[in-house]
Amino acid sequence: MKLIKKNRLKDFLNTLMNYYDVFAPVLKHKKIRFQKISTPEEVILEYSNTHNKPTELFFPQCEVLFEVDLKENIPEQPPKPDKPVIVFGIRPCDARSLQILDKVFHWDGVDDPYYFARRNNAILIVMGCTEPRSTCFCTSVGSGPMDHNGADLFLTELPEAYAIEPVSEKGKAVFEQVNDLLEDATEGELKSLAELTRRAEQMIDSEVNLNGLSDKLRGMFDHPVWDEFHLSCIGCGTCTYLCPTCHCFDILDEKKGNYVRRIRFWDCCMYPYFTLQSSGHNPRPTQKQRVRQRVMHKFQYFVENFGEIACVGCGRCILNCPVNLDIRSILKRLMEVKG
Amino acid sequence: MGINPYTPYPVTIKRVVVENEDKDIKSFELVFTNPEHEKAFNYLPGQFAEISVWGYGECPIGMASSPTEKGILRFTVKKTGGVVTTALHNLQPGRQIGVRGPLGNSYPVNEIKGKNIFIIGGGFAFTTLRSLLTYLIHPDNRNNYADITVIYGARSPGELIYKDEIALWQQRDDLNVYITVDKADEHWDGLEGFVPTIAEQVIKSWDNGVAFVCGPPIMIKFTIPVLLKAGFPPELIYTSLEMRMKCGIGKCGRCNIGPKYVCKHGPIFTFAELQQLPSEY
Ligand SMILES: Cc1cc2nc3c(=O)[nH]c(=O)nc-3n(C[C@H](O)[C@H](O)[C@H](O)COP(=O)(O)OP(=O)(O)OC[C@H]3O[C@@H](n4cnc5c(N)ncnc54)[C@H](O)[C@@H]3O)c2cc1C
Ligand code: SF4
Ligand code: SF4
Ligand code: FES
C-alpha cells in the first residue's frame, strides 16, 4: 500500500496540474463545489460533500450544442476538450452516479457525444468518506463510504497521510506519474486504514431497507399512499437540480446576430411545464403526479430499464429541501404500506 | 442519424400545401441538401423526426411521406400557436430548415404481411397513416397484404386533409375507402357520422385483421371498444402516442409513461401494451 503524506499533497496536486486540468472542491459563493483549480491552496479538504453535484462537470447546467450561421453549415461534431481532466476528491456516491448517467447517455448504443467527450477525457480520484453526514444513506442503495466502484484512483484519509490505491488502468497511469511522491505505508498505517474502512460503514446511521421495493412499486401507481407525500412540496425543483443522477434537460434556440445557437439546459420533472403539450393538455397536471414521477423514476422505471436504482444515497435532496421532504421517509412509507 | 444525434440534416422546403379550410394545417415537402443524408435517413412508416426552424427550435413531427416516395420527405403540421409550428407555417418554399431522425419505432409493416389491414384515422392525425397506406399500396408491397380498409373522418369536409389523394384511393378497386365527416355541408355527398360509428358499421369481425388507429383521444377511446367487440386481440390494435418531447432519443427524460419512453419505445404502441401502462398520458 502506498501513501501520500499530507504535507506533500501540494506537490501531488502541482504534479497533476502539469499534466491535467484539475477540478477539486473549492469554496464559491459560500458553497462548496467542484471547479478547475489554479493553485493547490484553493482546494477544500474538510468537506463532507459538495453542495452542487459533480456530475455538472460532465453534464453542465447549460451548454451550447452547436451554432449555425443562418446560411449554411451545420457542424456534425461536438467540440473536443483539449487537456485531460482529473476530478480530485469526488465522493464514492457521486462517482457511482456517473456510472448511472453513463447508462442513460449510452442507452441502446446511442451515445450523447457531449457527455462522453468529457467523461472519456476524465480521471476520477475518489476520496473515501470517513465522516459521512446524517443524511447519507449510500449503504441502503447498494454502495458505501468506501465503495471503489467508478473510481480510477481511491484515496482514504489517515491521520497524517492519504492511502492511495489505483483501481482502473487510467488510475494506474496517474499512479505512475506521481510515484516519486509516494511512500510505503507502515504497519501502523495499514492497521489504521483497515480500521477506518471497517468503521466507515457503521458510521452511516440512516438505513432504509429497500428489498423488493421496485417490484412492489410496479403495482402501486394508483395506490392512495401517493396522496400524502406531495402535500408539503412547493415544487421548487431543488431536489432535482442537486441530484447527481437527475439528467432531464430542455433544448432551446438562441438567436445572436447572424448566428443561432442551440442550447440545452437542465429541466425538472417537478415543474408543470415539463410535460405541458402545445394543445394545453398536460399528462401530469398535479404536484402529486410529479412527486410520484420523481420517486417512481428513480426506484422503479430506472430499475426496469437499466437494472439498478437511480439514487446513490448522497442525501443532497434531503439536506436542501425547503420543506424537509425526506426521500428516506417516502421510501420507508412505501415499504410499509400494503401494496 | 449521424455521429452526433443532436445535429439535424439540412433540408430545403420545396413545396408547401395548405391542407384544410381553416388553413392551420400545411404539408411541407422537403429535399435533402446532401444526398448522403437522404441515404442515411432510412425510415419506415410511423417514425418521426425533430424539425428545426433556426432560431425557434425543434418539434417532433411524424413522417407523412412513405419511404417508397424517393426524393421527397413530407410532414403535415398543424399550427398550434406554439413557437416552432408557427414559425414553420410562416416559411416559404426555398427556405432551409433542419430534420433530425428518423426517431422512434415504426408500424410493423413486415409482421403484418398476409393480414387484412384496417386503417382508421380522425382529423389531422391521419399523417403517419397516410405514410403507412402509401407504403402498403406501393406496387412492390401491395401483394404482401390481403384486404385493405381505410376509414377516415374529419369534423367537416373542409377539414379533411389529403383530398386529392383520397379521390385516387377511392378509385382503386384494391382498397375499401370510407370517408366520413361529423357534419356534412350542402356539397358533401359522402358518409356522415363519427369515425367509431362508421367503424362499427364496416368492421363486423376480426377476420385475421390488424388495426391502426390514430386520431383525437376521444375518437381512439370510442374506436377501440368497437374493435375489441369485433374480436380484435389487443396485440393487433396499434396506435401512436404523443408526449411533449425534446431529445427524441431517450435522454432528456421528458416523454415517459411509466417505464416506457414514447420517443424510444414508441410512438407506436399496441392496445395490449397500453393496458400495462399507467394512464398518465
Ligand atoms: C411522435 C409525435 C409525432 C407528432 N406528429 C405530428 C404531426 O405529424 N403533425 C403535427 O402537426 N403535430 C405532430 N405532433 C405534435 C407536435 O410535436 C406539437 O404540436 C409541437 O411540438 C408543438 O410545437 P410548438 O413549438 O409549436 O409548441 P409550443 O407549445 O411552443 O411547445 C414548445 C416545445 O415543446 C414541445 N412540445 C409541445 N407540445 C408537444 C407535443 N404535443 N408533442 C411533442 N412535443 C411537444 C416541442 O419541443 C415544442 O417545440 C407530434 C408529436 C409527437 C410526440
Ligand atoms: S426540494 Fe422539496 S419542496 Fe422542492 S420540489 Fe423537491 S421535494 Fe418539493
Ligand atoms: S434522490 Fe436524493 S439522495 Fe438520491 S441521489 Fe438524488 S439527491 Fe442523492
Ligand atoms: S424526448 Fe427526450 S426522452 Fe423522449
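Colleague: Is A:His29 buried or exposed?
Modeller: In this predicted model, A:His29 sits in the loop between strand E2 (21–28) and strand E3 (31–36) of chain A, and its phi is near 45°, a positive value in a residue other than glycine. The relative accessible area of A:His29 is 70%, and a residue counts as exposed over 50%. By that cut-off, A:His29 is therefore exposed.

Colleague: B:Tyr162 also has a positive phi; what is the relative accessible area of B:Tyr162?
Modeller: Most residues other than glycine have a negative phi, whereas the phi of B:Tyr162 is near 60°. B:Tyr162 lies in the loop between strand E8 (148–154) and helix H4 (163–171) of chain B. It is classed as buried, a term that requires a value under 20%, because its relative accessible area is 3%.

Colleague: Which residue of chain A gets its burial from a relative accessibility of 4%, and in which strand does that residue lie?
Modeller: The residue at 4% relative accessibility is A:Phe66, which counts as buried. A:Phe66 and A:Ile86 are separated by 20 residues in sequence, while their C-alpha atoms stand 26 Å apart in space. As for its place in the chain, A:Phe66 belongs to strand E4 of chain A.

Colleague: Which strands stand at the edges of the open sheet in chain A?
Modeller: Three strands of chain A make up this open sheet in the order E4-E11-E10, with antiparallel pairing. Each edge strand has a single partner strand, so one side of it is left without a neighbour in the sheet, and the strands in that position are E4 and E10 of chain A.

Colleague: How many bridges join E10(A) to E11(A)?
Modeller: Strands of a sheet pair through backbone hydrogen bonds, either parallel or antiparallel. E10(A) and E11(A) run antiparallel, and A:Lys255 stands opposite A:Val260 in E11(A). The number of bridges that join E10(A) to E11(A) is eight.

Colleague: Which element gives the most to the largest nonpolar core?
Modeller: That core has 56 residues, and those with the most contacts inside it include A:Phe58, A:Val87, A:Phe249 and B:Tyr6. Several elements of chain A each supply at least two residues, among them strand E4 (62–69), strand E5 (85–90), helix H2 (92–104) and helix H9 (287–306). With six residues, the element that gives the most is H2(A).

Colleague: Apart from that core, how many residues does another core have?
Modeller: The other core lies apart from the largest one, and its members include B:Tyr107, B:Ile161, B:Val210 and B:Leu236.

Colleague: How far apart in space are B:Tyr238 and B:Pro108, C-alpha to C-alpha?
Modeller: B:Tyr238 has its place in strand E12 (residues 237–240) of chain B and counts as buried at 14% relative accessibility. Leaving aside neighbours within four places in sequence, its contacts include B:Pro108, B:Val210, B:Phe212 and B:Phe269. B:Tyr238 and B:Pro108 are 130 residues apart in sequence, yet in space, C-alpha to C-alpha, the separation is 9.3 Å.

Colleague: How many charged residues does the shell around ligand 3 have?
Modeller: The shell around ligand 2, which includes A:Cys233, A:Cys236, A:Cys239 and A:Cys321, has nine nonpolar, three polar and no charged residues. Ligand 3 is surrounded by residues that include A:Phe137, A:Cys243, A:Lys298, A:Cys311, A:Cys314 and A:Cys317. Its shell has seven nonpolar and two polar residues, and the number of charged residues is one.

Notes. Residues are numbered from 1 along each chain as its sequence is written. Chains are lettered from A and ligands numbered from 1 in the order in which they are written. This is a predicted model: local features need pLDDT of at least 70, side-chain atom pairs count only at pLDDT 80 or more; totals for chains, interfaces and linings use all residues. Side-chain values use heavy atoms; hydrogens and water are left out. A residue is near a molecule or strand if one of its heavy atoms lies within 4 Å of it. Ala, Val, Leu, Ile, Met, Phe, Trp, Tyr, Cys and Pro count as nonpolar, Asp, Glu, Lys and Arg as charged, and the others, Gly among them, as polar. A nonpolar core is a set of buried Ala, Val, Leu, Ile, Met, Phe, Trp, Tyr and Cys residues joined through side-chain atoms within 4.5 Å. Buried means under 20% relative accessible area, exposed over 50%, partly exposed in between (1.4 Å probe, protein chains only). Helices (H or I, at least four residues) and strands (E, at least two) are DSSP runs, numbered from the N terminus. Two strands pair if DSSP finds at least two bridges between them. Contact means heavy atoms within 4.5 Å.
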